[in-house]
Amino acid sequence: LIGGEGIRNVSPAGTIPSGDHETVDMKGMTLLPGLINAHVHITMDPFTDPRIAMAEGNRTKLVITAMGNLRKQLLSGVTYFRDLGAPDYMDLELRNCVREGLVPGPEFLAAGKMITMTGGHGHNIGRECDGPDEVRKAAREQVRAGADVIKIMATGGVMTPGNEPGAPQLTLEEMRAAVEEAHKAGRKSAAHAQGKQGIRDALLAGIDSIEHGIALDDELVELMIENGVYLVPTLAAPHFIIEHGAAGGVPEFAVEKTKRILELHYSSFERARKAGVTIAMGTDAGTPFNRHDGTPVELKLMVKYGMSPYEAIMAATEVSAELLGIADRYGSLTEGKVADIIAV
C-alpha cells in the first residue's frame with residue numbers, strides 16, 4: 001500500500017487494509033526495490049574513449065549528455081546511484097536539479113572532483129594535488145562545494161595513458177588526510193584502488209569502500225572484513241573493453257592493460273565473496289561501451305563469477321543502500337521507506 005511517496009503497508013495478498021485506493025494487478029511479475037548503482041560517472045557517455053568528450057570542455061554538451069544518461073539509468077531500473085567523479089562540479093549541480101524536480105532522473109550522491117596526484121589517474125577531470133596538506137585542502141574544497149562523498153585515487157587506471165593500474169599513486173599519508181576530512185564532515189570516502197599496495201594503503205587510511213579491487217589477496221580481504229570496508233567490483237567495465245576491443249575503437253593502450261588484469265579482477269571478486277567481504281553493486285557506467293542502461297549486465301557477471309541471484313539482488317539494493325548511507329529510506333520494500341519499486 002503506497003501513500004504519497006512512501007510504502008505505508010506490506011501485507012500478505014488479500015489482507016491490505018480496506019480503503020479508497022487503486023489496485024494494480026502485477027500477476028506474473030516480481031516486485032523489487034529500485035536498483036542502487038554505487039559507481040557511476042553520469043557526465044561520461046560510453047564512447048570508445050570518454051576522455052575525448054571531457055577534453056573538449058563543451059559544458060553544454062556534457063550537461064545534455066548527462067540528462068540523457070539520467071533517463072537511461074532510470075529506465076533500466078536504477079532509482080538511486082552514486083556518482084564518483086565529474087568535471088567542474090557538474091555532478092553536484094545535476095544532483096541539485098534532480099532534487100529540485102528540474103530534471104527527471106534517479107536521485108544520487110555526488111563526489112565532485114576526484115582527488116588525484118599530479119598526472120594521476122583521472123587528472124583531466126580531477127583535482128590534482130601532492131602531499132598531505134594539499135590533499136587535505138582538496139578534500140575540504142569538495143566538502144565546501146557540497147560533495148556527498150570524497151573520491152580519491154589510490155592507484156593508476158586503465159583509461160589514463162601512461163598509468164599502470166597496479167601502480168600506487170596517492171600515498172598512505174595523503175589518503176589519510178583526505179579520509180580524515182571526509183569523516184570530520186560526516187562524509188564517506190571511496191578509493192579507486194586496483195593494485196595491492198594502493199589497496200592496502202587506502203585500507204590503512206580508513207577508506208569506506210574500495211572501487212574495483214583488482215588485486216585482492218588474503219591479507220587485504222581480511223583487512224576489509226575487519227574494518228567493515230565495502231567492495232564495489234565494477235566487473236562490467238573490463239568486460240565491455242574486452243568485448244569491443246581495439247577493433248571497436250577502444251584505445252589500444254586501454255585494451256592491452258585490461259587484458260593483463262582481467263582474470264585477476266574476476267578471481268579477486270571470487271576471493272572476496274567467498275571470504276565474506278561486503279559487496280555492493282556498481283558498474284562504472286561511462287567507461288567504453290559501459291552504458292548507463294547496462295546495470296543488468298553487472299548483475300549477470302556477479303552471478304557468473306560466484307554470487308547467487310539473490311546475493312546479486314541484495315548487492316544492488318540493501319547493500320548498496322547501506323554503503324551510500326541511505327538504508328533508512330531506500331533499498332528494501334519496507335513500511336516507511338520510499339516507494340521506489342521496479343517490476344520484472
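Let us start with helix α3 (residues 90-99), whose buried residues are Met-90, Asp-91, Leu-92, Leu-94, Arg-95 and Val-98; buried means under 20% relative accessible area, exposed over 50% and partly exposed in between, with a 1.4 Å probe and protein chains only. Helices (H or I, at least four residues) and strands (E, at least two) are DSSP runs, numbered from the N terminus. This is a predicted model, in which local features need pLDDT of at least 70 and side-chain atom pairs count only at pLDDT 80 or more, while totals for chains, interfaces and linings use all residues. Residues are numbered from 1 along each chain as its sequence is written, and side-chain values use heavy atoms, leaving out hydrogens and water.

The cover over the buried residues of α3 includes α2 (59-75), β5 (78-83), β6 (107-110) and α4 (132-145), where contact means heavy atoms within 4.5 Å. Just after α3, Gly-101 has a positive phi of about 80°.

Most residues other than glycine have a negative phi. Which residues other than glycine have a positive phi here? Thr-234, with phi near 50°, is one of them, and Phe-289, at about 60°, is another. Thr-234 sits in the loop between β12 (230-232) and α8, whereas Phe-289 belongs to the loop between α9 and α10 (295-304).

Next come helix α8 (residues 236-244) and helix α9 (residues 252-275), which pack at an angle of about 130° with their axes 9 Å apart. Axes are lines fitted to C-alpha atoms, for helices over the stretch in contact, and angles run from 0 to 180 degrees between N-to-C directions. That angle makes α8 oblique to α9; angles under 35 degrees count as roughly parallel, over 145 as roughly antiparallel, 65 to 115 as roughly perpendicular and the rest as oblique. From α8, Pro-238, His-239, Ile-241 and Ile-242 make the contact, and α9 brings Ala-254, Val-255, Thr-258, Lys-259, Leu-262, His-265 and Tyr-266.

Ser-320 is part of helix α11 (residues 309-324). Leaving aside residues up to four places away in sequence, Ser-320 touches Ile-36, Ala-38, Ala-280, Met-281, Met-314 and Ala-315.

Here are some accessibility values.

| Residue | Relative accessible area | Class |
|---|---|---|
| Cys-97 | 24% | partly exposed |
| Cys-129 | 0% | buried |
| Thr-234 | 0% | buried |
| Ser-320 | 0% | buried |

As for disulfides (pairs of cysteine sulfur atoms within 2.5 Å), the structure holds zero.
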